[in-house]
Amino acid sequence: MKRVICFDIETTGLEYMRGDRCIEIGAVEMIDGQITDNSFHEYINPEGKIIPPDSYMVHKISNAFLEDKPKMSEVAPKFLEFIGDSPIVAHNGADFDFPFINYELSKLNLPQIPREQQLDSIVIARNRVFGPKSYSLDALAKWYGISLTARADAHGALIDAEILAKVYKELENTAPAPDVSEIIAKQHEAFLQHPKIGGSFPYRSFPAPEEEIARHKEFMEKLMA
């Protein structure tokens, strides 16, 4: 049995080192490539961190809504129990989700998600999918024909985790992209073997007639006079 967890977070902002907090965690379970009904979802009280308007417009989560929600110290142990030692997938996770959630875990002196357990779907996509102008989660979902209706109004961690799981399933069934440099090298080799291009093609010269050379010489002498 192959178990994989796809997860997403919503935050007060992008700078966890400057005090931004995680305010929502959503995760879904996949078993042998199939999405199960087993999921994890919690809203989290940011403990006084104000959600700025630009962040609110992305996820539509307000400080008032989070007032009675549990703190990260209550949510984190449950989240770690849910993921266990399974591979965990996040989109652009290497740059954002994993560092952010690991910072929150470190503040609580809890085990962090180890590097060998992390999978970044944007890295996988760039190595397997040729065509999309962007490798955002939205772009990949559209590329694979996955509906985005559920997040029409706002982002949500559980909604995005479910979309990610569907995208990841497609990526798993997509063959790795070929090595472009290898293709170019093979094409170049075939190009050089063409009888009109290879080194065995006979050299041909087309000397100008003596009469034309004489006329050219006469013209140049008049020009320089």
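Which residue just after H4 takes a positive phi? In this predicted model, that residue is Asn109, with a phi of about 55°.

## Helix H4 and its surroundings

Helix H4 covers residues 97-107. Its buried residues are Asp97, Phe98, Phe100, Ile101, Asn102, Glu104 and Leu105. These buried positions pack against several elements: strands S1 and S2, helix H3, strand S4 (88-90) and strand S5. An α-helix has 3.6 residues a turn, so residues three or four places apart point the same way. Asn109, with its positive phi, follows just after the helix.

## Packing of H3 on H4

Two packed helices are described by the angle between their axes and the distance between the axes. For H3 (residues 72-83) and H4, the angle is about 115° and the axes lie 10 Å apart. The crossing of this pair is left-handed.

On the H3 side, the contact is made by Met72, Ala76, Phe79 and Leu80. On the H4 side, Ile101, Glu104 and Leu105 take part. By class, this contact holds 6 nonpolar residues, no polar residue and 1 charged residue. The three H4 residues in the contact, Ile101, Glu104 and Leu105, are also listed as buried.

## Packing of H5 on H7

Helix H5 (residues 121-128) and helix H7 (residues 157-172) have axes that come within 10 Å and cross at roughly 35°. H5 passes H7 in a left-handed crossing.

From H5, the residues in contact are Ser121, Ile124, Ala125 and Arg128. They meet Leu164, Tyr168, Leu171 and Glu172 of H7. The contact between these helices is made up of 5 nonpolar, 1 polar and 2 charged residues.

## The largest pocket

Rolling a probe the size of a water molecule over the atoms shows where empty space is left. The largest pocket has a volume of about 530 Å³. It is lined by 22 residues, and those closest to the pocket centre are Asp8, Ile9, Glu10, Phe96 and His155.

Which strand supplies the largest share of the lining of the largest pocket? Strand S1 does, with 5 residues. Elements that each give at least two residues to this lining are S1 (3-11), helix H1 (53-59), helix H6 (137-143) and H7. Sorted by class, the pocket lining has 7 nonpolar, 8 polar and 7 charged residues.

## The cavity

How many cavities of 30 Å³ or more are there? The count is 1. The largest cavity holds about 30 Å³ of space.

Its lining consists of Ala94, Phe98, Arg115, Gln118, Leu119 and Asp120. Strand S5 (residues 118-120) gives the largest share, 3 residues. The lining divides into 3 nonpolar, 1 polar and 2 charged residues. One of the lining residues, Phe98, is among the buried residues of H4.

## Thr12 in the S1–S2 loop

Thr12 sits in the loop that joins S1 to strand S2 (22-31). Is Thr12 buried or exposed? Thr12 counts as buried because its relative accessibility is 0%, where the limit for buried is under 20%.

Leaving aside residues up to four places away in sequence, Thr12 touches Asp20, Arg21, Ile23, Pro46, Lys49, Ile50, Ile51, Pro52 and Ser55.

Key: Residues are numbered from 1 along each chain as its sequence is written. This is a predicted model: local features need pLDDT of at least 70, side-chain atom pairs count only at pLDDT 80 or more; totals for chains, interfaces and linings use all residues. Side-chain values use heavy atoms; hydrogens and water are left out. On a 1 Å grid over the protein atoms alone, a cavity is a set of points where a 1.4 Å probe fits but cannot get out, and a pocket is an open set with protein on both sides within 12 Å along at least five of seven lines; lining residues have an atom within 4 Å of a point. Grid points are joined across faces, edges and corners, and a volume is the space filled by probe spheres set on the points. Helices (H or I, at least four residues) and strands (E, at least two) are DSSP runs, numbered from the N terminus. Ala, Val, Leu, Ile, Met, Phe, Trp, Tyr, Cys and Pro count as nonpolar, Asp, Glu, Lys and Arg as charged, and the others, Gly among them, as polar. Axes are lines fitted to C-alpha atoms, for helices over the stretch in contact, and angles run from 0 to 180 degrees between N-to-C directions. A crossing is left-handed if the near helix is turned anticlockwise from the far one by less than a right angle, and right-handed if clockwise. Contact means heavy atoms within 4.5 Å. Buried means under 20% relative accessible area, exposed over 50%, partly exposed in between (1.4 Å probe, protein chains only).
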